[in-house]
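Take each task on your own before reading its solution.

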Amino acid sequence: MAYYNNDTILYLNGAYVKASEASTDYYSQSLHYGYAVFEGIRSYKTASGETKIFKPVEHYERLKNSAAALNMPWHWNVDELIEATYEVLSRNNLQDAYIRPVIYAPANMSFNLNKESYIMIAAWEMGLFLGDKLLRVMTSSFQRPNPKGFKIEAKASGHYVNSILASQEAKAQGFDEALLTDTNGNVAEGPGANMFFEKNGKLVTPPLGNILPGITRATVIEICKELNIQVEERLFTTDELKQADTAFFCGTAAEVIGWHSLDDVVFPKNWNDSIGKIIQKAYKDRVTEKPVTKEAVA
Ligand code: PMP
């Protein structure tokens, strides 16, 4: 996948520079120790034709919280970063895009605090995900990082070694994606997405504590409130999950995507008749700011 070409512009510490000419410090604590925080954000070409970043305040506030959780200095203001992001989109002629801000550390081979942090914001084209192909999910042999060993609520680069291992393991065994449990053996989340299951007309999702507090997860819960769909946030095991009617992942990149199966258990309910399908459509309408019509409400 080519993330950039010779014309691509990224935002780097207050300046707009060519991605092909930008450089970073090979002595950075971020490169050596995975000590950085980042976001994954999407923009969409909305129904009116305008480009809109979905929930930019929520994403940049989470970035700020992630930096604070890791004791990384924060020098920016959220509104400025949102403006810079729109500028990156506009300079690269992007509408449907994935946006990747990263806060990184200076050269430092010790474990000491830094006085400064740096920021880059990159973006590349990413179309609306259709999500019609259902995923074959595998229970990972990897657990999510222990919340007593990591700030699990932070979107920290180093945590993603765990995601990479889990995802690679699942794909090597012929599955599409992994499902990770927490250190107590309850279901936590995917390598880069939260999850919900449907049982008897209700949705269930793991509570905060062992998962990234997903912005899509929060949006799904909002949509459920509006549609009067009951959601329980509680712990459950893979054994309980295997008795579910259907299940889905949700995340900024993945949006809402249904599951075909977990390990060798195929979910019995047709995705097209599921609550997940209703949420998937409502999510798509929300991110693209589709006007609500009478038909859509019915
Ligand atoms: N969990 C993990 C581990 C993730 O990397 C992501 C993607 N950021 C999510 C959940 C979903 O979060 P969001 O909906 O905010 O993208």
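A polar contact is a pair of N or O atoms within 3.5 Å; within protein, one atom must be able to donate a hydrogen and the other to accept it, and residues adjacent in sequence count only if both atoms are side-chain atoms. This is a predicted model, in which local features need pLDDT of at least 70 and side-chain atom pairs count only at pLDDT 80 or more, while totals for chains, interfaces and linings use all residues. Residues are numbered from 1 along each chain as its sequence is written, and side-chain values use heavy atoms, with hydrogens and water left out.

**Exercise 1. Work out where S140 sits and what its side chain reaches.**

Step 1: Locate the residue. S140 belongs to strand β8, residues 135-143 (strands are DSSP runs of E, at least two residues, and helices are runs of H or I, at least four, numbered from the N terminus).

Step 2: With a relative accessible area of 9%, S140 is buried (buried means under 20%, exposed over 50%, partly exposed in between, with a 1.4 Å probe and protein chains only).

Step 3: Follow the side chain. The S140 side chain reaches the backbone nitrogen of F142 at 2.9 Å, and it makes a polar contact of 3.2 Å with the side chain of E169.

Step 4: List the surroundings. Beyond neighbours within four places in sequence, S140 is in contact with A166, E169, A178, L179 and L180 (contact means heavy atoms within 4.5 Å).

**Exercise 2. Which side chain does E255 join in a polar contact?**

Step 1: Find E255 in strand β15, which covers residues 255-262.

Step 2: Note that E255 counts as buried, at 4% relative accessibility.

Step 3: Look for the partner. The side chains of E255 and Y44 are joined by a polar contact of 2.4 Å.

Step 4: Widen the view. Leaving aside neighbours within four places, the contacts of E255 include R42, L128, F129 and T216.

**Exercise 3. Describe how the protein holds the ligand.**

Step 1: Count the shell. The ligand is surrounded by 16 residues, and the closest are K155, Y160, E189, T216 and T252 (a residue is near a molecule if one of its heavy atoms lies within 4 Å of it).

Step 2: Sort the shell. It divides into five nonpolar, seven polar and four charged residues (Ala, Val, Leu, Ile, Met, Phe, Trp, Tyr, Cys and Pro count as nonpolar, Asp, Glu, Lys and Arg as charged, and the others, Gly among them, as polar).

Step 3: Pick out the polar pairs. A ligand nitrogen is 2.7 Å from an N or O atom in the K155 side chain. One oxygen atom of the ligand lies 2.8 Å from a polar side-chain atom of R62, and an oxygen atom of the ligand is 2.6 Å from an N or O atom in the side chain of T216.

Step 4: Judge the cover. Taken alone the ligand exposes 380 Å², and the protein buries 96% of that (areas come from the Shrake-Rupley method with a 1.4 Å probe; for residues, only the protein chains shown count as cover).

**Exercise 4. Summarise the whole protein.**

Step 1: The protein has eight helices and 16 strands.

Step 2: Buried residues make up 49% of its 298 residues.

Step 3: Of contacts between residues at least 6 apart in sequence, 71% join residues at least 24 apart.
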